[in-house]
Amino acid sequence: MRRATLLATAAAAATTLAAARWWRSTRATTPSEPVSPPGHAVRHLGRGARNARLVKVGARAGRDYALHRARRVFADAATRERLDTAFEMRTAAQVAEALGHMKGALMKLGQMASYLDQGLPEHVRAALAELQHNAPPMSPELAAGTIRRELGADPTELFLEWDPHPIASASIGQVHRAITREGRAVAVKVQYPGVEEALGADLDNVGLLFAGMAQLFPGLEHGPLVEELRSRLREELDYRLEAANQRAFARYYDGHPTIHVPEVLDRYSTRRVLTTELAEGVRWDEMLTWDQGERDLAAETIYRFAFGSLYRLHMFNGDPHPGNYLFRPGGRVTFLDFGLVKHFTAEEIQQFEDMIVAMVIDHDPAEFRRVCERIGLLKTGTDFTDEQIVDYFGHFYEFVMHDGVCTITPEYASETVRRFFDKSGPYGEIMKAANVPPSMVIIQRINLGLYALFGEMRATGNWRRLAEEIWPFVAGPPATPMGEEIEAWRARREGAVA
């Protein structure tokens with residue numbers, strides 16, 4: 001039943017420690033509360049009410065699991081496997097439905113669970129993956145009402161053409177296709193009515209979650225971490241901030257050979273409505289059917305976008321999940337959703353550089369330890385040897401440690417997750433002594449999200465040379481044909497400015 005346990009763990013991670021307790025229980029309780037039908041606004045549920053909803057889903061799963069376990073007793077091996085699969089699919093569908101209707105931070109964490117844990121069975125991940133871009137939408141009337149309040153007129157008056165049915169829906173809002181009266185195809189993101197209150201209720205739970213985690217990880221200073229998460233998630237509610245972030249990325253990557261960021265149309269954008277040019281490309285699942293060479297090019301572009309933006313713009317788009325990319329052949333990727341963007345100071349960027357130089361370039365365990373202690377990643381005065389610390393943290397640098405072709409595998413991604421959360425493993429004591437400074441809360445999405453995606457792509461390349469090209473403290477030559485194209489693009493831009 002390890003697979004069912006993994007599913008339960010993934011769902012529990014999207015709630016609170018209290019939710020994790022009832023998720024694993026097998027007590028029977030009342031039937032789950034009916035969810036609002038598609039078309040209702042996000043209900044203004046407080047923290048207790050939203051938790052109660054999750055408790056009912058968990059209790060239902062517990063009751064079903066008890067019945068499922070009883071049925072397995074008299075089944076042969078083949079029948080047990082079939083029963084296990086049916087139970088997992090049913091439970092995943094229940095979790096996806098509940099989180100999909102609830103919206104807000106809990107749904108966002110459900111999205112993350114769908115691609116984060118490579119140990120989840122494929123059919124379970126597929127059920128949860130519906131949260132990435134196919135969550136239950138609000139009604140056309142509600143979307144039109146938001147447009148009317150924000151832009152002063154009905155969408156059918158504002159736009160030459162308006163599709164009332166969304167092309168994507170997620171945790172904060174949904175996206176509609178339209179054509180402006182100037183004849184331009186656009187994507188219009190409309191925020192769910194009531195989602196701000198729902199997100200506020202979810203954020204009230206964040207402190208409880210991390211206070212509980214601090215008991216398991218004594219080195220974790222959860223106060224600053226909680227405030228960082230709250231600040232970033234609240235920013236997502238203001239589409240004006242997202243528009244500013246997207247404009248900054250679009251301006252920098254204008255004309256880039258493989259990176260595309262859609263232009264923002266300010267005339268049709270407000271705090272709760274964001275209109276951008278309509279991008280073309282295939283979704284994640286279809287890209288995964290492409291040959292390995294094309295997948296490697298797509299991974300290279302995503303890698304260049306994440307780390308190039310970090311070191312050149314001092315910005316990181318902290319929501320790397322499959323629904324935020326559109327793919328075209330040749331490594332061309334359109335990047336969507338800039339609501340969760342972290343801006344870094346020069347001092348914070350220097351900390352990343354110091355860690356890389358000590359670990360990857362100089363191979364200096366003592367210096368790496370000093371850097372980790374200085375920036376607050378590790379408690380000072382612990383009994384661990386320098387070699388033990390490097391053995392633990394070295395995993396996160398493994399594929400850039402050496403000059404050679406390397407494949408990022410699903411197993412690597414799963415090990416990355418375990419090194420964050422599995423305190424029962426060989427690194428449990430170091431994990432307890434480790435901390436997550438506020439500056440690294442969002443950047444950990446590289447370890448927990450980006451590398452999970454690369455593992456699914458089985459992304460292959462000489463990551464060390466690619467990294468050295470991107471790292472400004474190395475500034476290596478172009479590592480790939482794509483790098484040569486980018487160098488030529490950058491030279492043209494600099495020549496135009498001069």
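Q: Is Ile-302 buried or exposed?
A: Ile-302 is buried in this predicted model. Its relative accessible area is 2%, which is under the 20% that marks a buried residue.

Q: And where is Ile-302 placed?
A: Ile-302 belongs to helix α13.

Q: Which residues is Ile-302 in contact with, leaving aside neighbours within four places in sequence?
A: The contacts of Ile-302 are Tyr-325, Phe-327, Val-333, Phe-335, Leu-450 and Phe-454.

Q: What separates the C-alpha atoms of Ile-302 and Arg-332?
A: A distance of 9.4 Å lies between the C-alpha atoms of Ile-302 and Arg-332, although 30 residues separate the two along the chain.

Q: Stepping back, how many helices and strands does the protein chain have?
A: The chain has 21 helices and 12 strands. It consists of 498 residues, and 55% of them are buried.

Q: What share of contacts join residues at least 24 apart?
A: The share is 72%, taken among contacts between residues at least 6 apart in sequence.

Q: Now the largest nonpolar core: which residues touch the most other members?
A: They are Tyr-303, Phe-307, Phe-327, Phe-368, Tyr-397 and Phe-454, in a core of 82 residues. Helix α13, residues 292–313, supplies the largest share of this core, with nine residues.

Q: What does Tyr-303 touch, not counting residues up to four places away in sequence?
A: Tyr-303 touches Gly-308, Phe-399, Val-400, Phe-454, Trp-463, Leu-466, Ala-467 and Ile-470. Apart from this core there is a second, separate one of 23 residues, which includes Leu-158, Val-188, Val-195 and Leu-265.

Q: Which residues in α20 are buried?
A: The buried residues of α20 are Trp-463, Arg-464, Leu-466, Ala-467, Glu-469 and Ile-470. Because six of the eight residues of this helix, which covers 463–470, are buried, α20 is largely enclosed by the rest of the structure.

Q: On to helix pairs: at roughly what angle do α14 and α15 cross?
A: The axes of α14 (residues 346–361) and α15 (residues 365–375) cross at roughly 160° and come within 8 Å. The two helices are therefore roughly antiparallel, and α14 passes α15 in a left-handed crossing.

Q: Which residues meet there?
A: From α14, Gln-351, Asp-354, Met-355, Ala-358 and Met-359 meet Glu-367, Phe-368, Val-371, Cys-372, Arg-374 and Ile-375 of α15. By class, this contact has seven nonpolar, one polar and three charged residues.

Q: How do the axes of α17 and α19 cross?
A: The axes of α17 (residues 410–421) and α19 (residues 444–457) come within 8 Å and cross at roughly 155°. That angle makes α17 roughly antiparallel to α19. The crossing of α17 past α19 is left-handed.

Q: And which residues of α17 meet α19?
A: Pro-410, Tyr-412, Ala-413, Thr-416, Val-417, Phe-420 and Phe-421 of α17 meet Gln-444, Asn-447, Leu-448, Tyr-451, Ala-452 and Gly-455 of α19. By class, the contact has nine nonpolar, four polar and no charged residues.

Q: Last topic, backbone angles: what is the phi of Arg-458?
A: Arg-458 has a positive phi of about 55° although it is not a glycine. Most residues other than glycine have a negative phi. Arg-458 sits in the loop between α19 and β12 and is partly exposed, with a relative accessible area of 37%.

Q: What about the phi of Ala-475?
A: Ala-475, also not a glycine, has a positive phi of about 50°. Ala-475 is in the loop between α20 and α21 and is exposed, with a relative accessible area of 55%.

Terms used: Residues are numbered from 1 along each chain as its sequence is written. This is a predicted model: local features need pLDDT of at least 70, side-chain atom pairs count only at pLDDT 80 or more; totals for chains, interfaces and linings use all residues. Side-chain values use heavy atoms; hydrogens and water are left out. Axes are lines fitted to C-alpha atoms, for helices over the stretch in contact, and angles run from 0 to 180 degrees between N-to-C directions. Helices (H or I, at least four residues) and strands (E, at least two) are DSSP runs, numbered from the N terminus. Angles under 35 degrees count as roughly parallel, over 145 as roughly antiparallel, 65 to 115 as roughly perpendicular and the rest as oblique. A crossing is left-handed if the near helix is turned anticlockwise from the far one by less than a right angle, and right-handed if clockwise. Contact means heavy atoms within 4.5 Å. Ala, Val, Leu, Ile, Met, Phe, Trp, Tyr, Cys and Pro count as nonpolar, Asp, Glu, Lys and Arg as charged, and the others, Gly among them, as polar. A nonpolar core is a set of buried Ala, Val, Leu, Ile, Met, Phe, Trp, Tyr and Cys residues joined through side-chain atoms within 4.5 Å. Buried means under 20% relative accessible area, exposed over 50%, partly exposed in between (1.4 Å probe, protein chains only).
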